[in-house]
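Visitor: I have the sequence and the model open, and I'd like to learn how to read them. Please take me through them one question at a time.

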Amino acid sequence: MDLAFGEYHEDSLAALLGIDADKVEVKTDRMWVNTGNIAIEFESYGKPSGIRATESEQWVHNLTVNGEVFCRLMFPVDVLSAVVDNLDSRRVVNGGDNMASKMYLLSLEKLFSKDALKFYRSISTNVRGTE
């Protein structure tokens with residue numbers, strides 16, 4: 001069920017943007033509405049995965065309510081990775097099939113805090129070029 005759920009949202013976004021689904025990493029989160037957090041996978045079965053393995057340039061995190069997309073957060077992968085690496089509050093949790101994946105659990109409030117934006121401004125010319 002989770003694979004079909006994820007594939008549905010990947011295909012829907014690719015169609016909406018008119019791009020090949022391989023150009024964007026799409027994750028869909030159902031639990032955020034109860035927790036205020038999103039999970040970003042970085043390891044599975046001891047190997048890099050998710051944010052640490054994607055070859056896509058863009059990362060989209062669908063936030064759903066009752067199975068429907070409420071909103072989409074879209075980040076350049078290199079920017080999201082740098083911001084996640086430098087957040088002062090993130091937890092590592094296990095999840096996925098057989099609880100074999102490791103994920104960063106990020107507070108949406110913290111991800112969009114003044115501190116995170118200040119950090120992004122400090123690296124933006126190094127990561128993305130000039131503003």
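Guide: Gladly, and let's start with a term: a salt bridge is a side-chain nitrogen of Lys or Arg within 4 Å of a carboxyl oxygen of Asp or Glu. This is a predicted model, where local features need pLDDT of at least 70 and side-chain atom pairs count only at pLDDT 80 or more, while totals for chains, interfaces and linings use all residues. Residues are numbered from 1 along each chain as its sequence is written, and side-chain values use heavy atoms, with hydrogens and water left out.

Visitor: Which residue forms a salt bridge with Arg52?

Guide: Look at the loop between β3 and β4, where Arg52 lies; its partner is in helix α3, so the pair ties together parts 33 residues apart in sequence. Helices (H or I, at least four residues) and strands (E, at least two) are DSSP runs, numbered from the N terminus. The closest N and O atoms are 2.3 Å apart, and the partner is Asp85.

Visitor: Is Asp85 buried or exposed, or something in between, and what is its relative accessible area?

Guide: Buried means under 20% relative accessible area, exposed means over 50%, and partly exposed is in between (1.4 Å probe, protein chains only). Arg52 counts as partly exposed because its relative accessibility is 32%. Asp85 is partly exposed too, and its relative accessible area is 38%.

Visitor: How many residues apart are Glu43 and Lys102?

Guide: The side chains of Glu43 and Lys102 meet in a salt bridge, 3.8 Å from N to O. Glu43 sits in strand β2 and Lys102 in strand β7, distant parts of the chain, and their separation in residues is 59.

Visitor: What is the order of the strands in the open sheet?

Guide: Strands of a sheet pair through backbone hydrogen bonds, either parallel or antiparallel. Here two strands pair if DSSP finds at least two bridges between them. The open sheet has four strands with antiparallel pairing, in the order β3-β2-β7-β6.

Visitor: Which are the edge strands?

Guide: An edge strand of this sheet pairs on one side only. The edge strands are β3 (47-48) and β6.

Visitor: How many bridges join strand β2 to β7?

Guide: These two strands run antiparallel, with β2 covering residues 37-44. Within the pairing, Ser44 has Ser101 as its bridge partner, and Ser101 is also the partner of Gly95. The number of bridges from β2 to β7 is seven.

Visitor: How many residues of strand β7 are buried?

Guide: Strand β7 spans residues 101-107, seven in total. It is largely enclosed by the rest of the structure, because its buried residues number five.

Visitor: Which residues is Ser81 in contact with, leaving aside its neighbours within four places in sequence?

Guide: Ser81 is in helix α3, and it counts as buried because its relative accessible area is 15%. Contact means heavy atoms within 4.5 Å. Beyond those sequence neighbours, Ser81 is in contact with Ile51 and Arg52.

Visitor: Where is Ile19?

Guide: At 33% relative accessibility, Ile19 counts as partly exposed. Follow the chain from α1 (2-17) to β1 (24-29): the place of Ile19 is the loop between α1 and β1.
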